[in-house]
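Hi,

Here is the structure I promised to pass on. Have a look at it first, and then read on for what turned up.

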Amino acid sequence: MMPRRATRRVAASAVALVAALILAGCSSKAAETGVGGGQVKSDVGVSADTITLGVLTDTSGPFRNLGTGITQGNELWVDQVNSAGGICGRQIKLDIADSGYKADVATTQYRQQQPTILGYLQLLGSPINAALRGNLETDKVTSLALSWSSFILDNPYQIIPGTTYDLEMINGLAHLQEQGMIADGDTVGHIYIGGEYGENGLRGSQYYAQQHGLNLQGVKVASTDTDMAGIVTGFRGAGVKAILLTTTPAQTASVLNANAALGLNVPVMGNNPVFDPATNLAGPAAATVDKLFVAASSVPYSSDVPQAQEVRKAFEAKYPDAQKNAGVPYGYAGGVVWQQILEKACQAGDMTRQGVHDAFIQSSSITTDDLVASKLDFSNAGSPPSRSVYIAQADPSQPGGLRQVRPPFTAPEAQSYVAPHQKQQ
Amino acid sequence: MTTFVQLVVNGLGKGAVFALLALGFVVIFKATGVINFAHGSLVLIGGYLVAISVGALGFPAATAIGIAGAGLAALLIERLLVSRSRLADPNSLALLTIGVDVVVAEDIFRRLGTTVPYLGAPWDAHPVRLGNITLFSTQLVALVVGLVLITAFFLAFRFSDWGIAMRAQAENPEAAALMGIRRSRVTATAWLVAGMLAGVAVVFIVTQDFSGIGLSRTTHAIAFAAFPAAILGGLDSTAGAVVGGLVVGLVDALSAQYVSFDFAKVAVFLAMLVVLVARPSGLFGTREVTRV
């Protein structure tokens, strides 16, 4: 007779084996192509009554405020779509995970989410997008990449729903020049973080500088650096007329403080992630923030655009105590983009990953009710989907801390600029 | 020339805060031979206490609470963990403090959540201009406070009973014990004082002028940036902490401008290496004499 302990061990192994088989069965079922509800082909993440989209965001790391805002915007869109009957007769469900802006955590989260989602409604962060690049392509997971670097546009599965950093910077500089704040031949300083984010912003300022004979002084920093007073001191010595930023919000705060303290007081133009109300409006930071302009393709939280007002109303009703930032309307806009793609795929009768991806890369005119600065064209591989930006100025009296100072526009230099993976026409 | 003078002013100002931090390392090392890697979390405890009380009590009272709280936290670490391992090697105790640091710091970050609070220092973002030169008030106040505290320490080490006891213990623990010096009291006081210094330093770190951001992971990272200052000056020398802090501040500011911003980070450690090669105990550290 088998001793009792051994019997238990055998029984436990048997249970584990059966469980493994059942789980394996489930996952292989999910990968099968089927035809459900209304003759629509589907495979992963789409059942007869549900479409599951992934959200891999940052709610605990350095971009947690932005990530939380975008995710809340995503959820507002889901509420609205579901209460209007869903898409293709199916309700939308989100599978939300937090990467903490860490690539290794994101890789694990991806493995858990991938088998059950159709695509990503939000994939936040340059390092995360870089780490998952190959997986997205292999698994055909179409993703809205919230990393606005035109360097990643060669991957057809990472879709940027807006204007890339290089173009934000070109438009930002054009705005400064049109307003008479800089002129041809001036010296301009640009502080940028080493890596995809900063170097993409720098690519834009270099292009504009070349067109206008600007003397561009670039200073590369790490995202962990904090004290920018020394750099601004150097800029003052060089006689800069404006400072450009592709930095973290904390670095922005340090630059603005030094800009005022050193009596330099030049305008500061930043890419969309440089501003975070939680950091840049806190305590003494608010006193020097008004020199900051931001060029972004998403509307600021307080924008007068009618759809932005609607989103604001829904947001404040659902999340009365949450922090307000530009992530909220942008998260909502991401949903609106997906909605049009899903409807298109549904009409074509193909809601498989491949079908949805095809719908994406054939779309040349996606609208967001002006939540994003222009229509989005995903049909030109390698070319940024939008070349327009809103310009906003930091203003502590506004909810969300930014005041829109210019409607969407595209500078001529932004039209002529050729992105790294753009095919020349 | 204006740029150079301004950079020197920036560097000295930063150095003053580094000196305060370095002094915290030095006090504990001098008394116990332990390098306290939990200094960053003591800085966070002080900052957190100020942040949660400044709204109700105002800056002076909140700062007093922060300083006292950081001091008590250091005393607790010493009483509950360090003093129970009396025979342990100082290196093992240093490792122990790394563990304490991780636990405490993560708990504070968890409590802070999405907030990045400033501590309400009244001098923050109020620069003083002298012609073309800007003095950041935070750094100016830090320099004054640093000088006062460091002079006080210098006098205390030299003339007070506690200072003499500490020096005796550092010199020869066995002889000190035989002379009736209570080791535990000297050690506990050193931790308490170091904790309080961390509480002082944090009100200068968490400012627009110094770090550009409220209480956060950055605060913790800056506390560690003072470590080269302590090593460079000599881990058992208060004067060394001051000189080390100022050297680190200056090397950082000047090399960032005149070589490159990237190089500045390396430059601080290069300076440390050069000093250690020439003087293994740091600029002002006590030379270890070993009879062969």
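Let's start with the charged pairs: counted over all chains, there are 11 salt bridges. Keep in mind that this is a predicted model.

One of the salt bridges pairs A:Asp79 with A:Lys318, with 2.7 Å between the closest N and O atoms.

Another one brings together the side chains of A:Glu178 and A:Arg406, at 2.9 Å from N to O. Again distant parts of chain A are linked: A:Glu178 lies in helix α5 (residues 165-178), A:Arg406 in strand β15, and 228 residues separate them. A:Arg406 has a relative accessible area of 17%, which is under the 20% cut-off, so A:Arg406 counts as buried.

Strand β14 (residues 389-394) of chain A and β15(A) run antiparallel and are joined by 5 bridges. Both belong to an open sheet of 7 strands in chain A, with mixed pairing and the order β9-β8-β10-β11-β12-β14-β15. Which strands stand at the edges? They are β9 (215-221) and β15 (402-409) of chain A; each has a single partner strand, so one side of each has no neighbour in the sheet. On average, neighbouring strands here are turned by 20° against each other, ignoring direction.

Over in chain B, B:Glu78 and B:Arg79 form a salt bridge, with the closest N and O atoms 2.8 Å apart. B:Glu78 is buried, because its relative accessibility comes to 2%, whereas B:Arg79 is partly exposed at 35%. There is also a network that takes in both chains: A:Asp227, B:Lys14 and B:Asp252 are joined by salt bridges that share partners.

Next, the cysteines. How many disulfides are there over all chains? The count is 1, and the bond joins A:Cys88 to A:Cys346, with the sulfurs 2.0 Å apart. This link, too, ties together distant parts of the chain, 258 residues apart: A:Cys88 is in the loop between α2 (64-83) and β4 (91-98) of chain A, and A:Cys346 is in helix α11 (residues 327-347). If you care about the geometry, the link of A:Cys88 and A:Cys346 is right-handed, with 80° about the S-S bond.

Last, a bit of surface. B:Met1, B:Phe4, B:Val5, B:Tyr258 and B:Val259 make up a nonpolar patch there, and together they have about 530 Å² of accessible area. Of these, B:Val259 sits in the loop between α11 (238-258) and α12 (261-278) of chain B. B:Val259 has a relative accessibility of 54%, so it counts as exposed.

That's the tour.

Cheers

Technical notes. Residues are numbered from 1 along each chain as its sequence is written. Chains are lettered from A and ligands numbered from 1 in the order in which they are written. This is a predicted model: local features need pLDDT of at least 70, side-chain atom pairs count only at pLDDT 80 or more; totals for chains, interfaces and linings use all residues. Side-chain values use heavy atoms; hydrogens and water are left out. A disulfide is a pair of cysteine sulfur atoms within 2.5 Å. Helices (H or I, at least four residues) and strands (E, at least two) are DSSP runs, numbered from the N terminus. Patches are made of residues with over 30% relative accessible area and no salt bridge: like charges are joined within 9 Å, nonpolar side chains (Val, Leu, Ile, Met, Phe, Trp, Tyr) within 5 Å. Accessible areas come from the Shrake-Rupley method with a 1.4 Å probe; for residues, only the protein chains shown count as cover. A salt bridge is a side-chain nitrogen of Lys or Arg within 4 Å of a carboxyl oxygen of Asp or Glu. Buried means under 20% relative accessible area, exposed over 50%, partly exposed in between (1.4 Å probe, protein chains only). Two strands pair if DSSP finds at least two bridges between them. Axes are lines fitted to C-alpha atoms, for helices over the stretch in contact, and angles run from 0 to 180 degrees between N-to-C directions.
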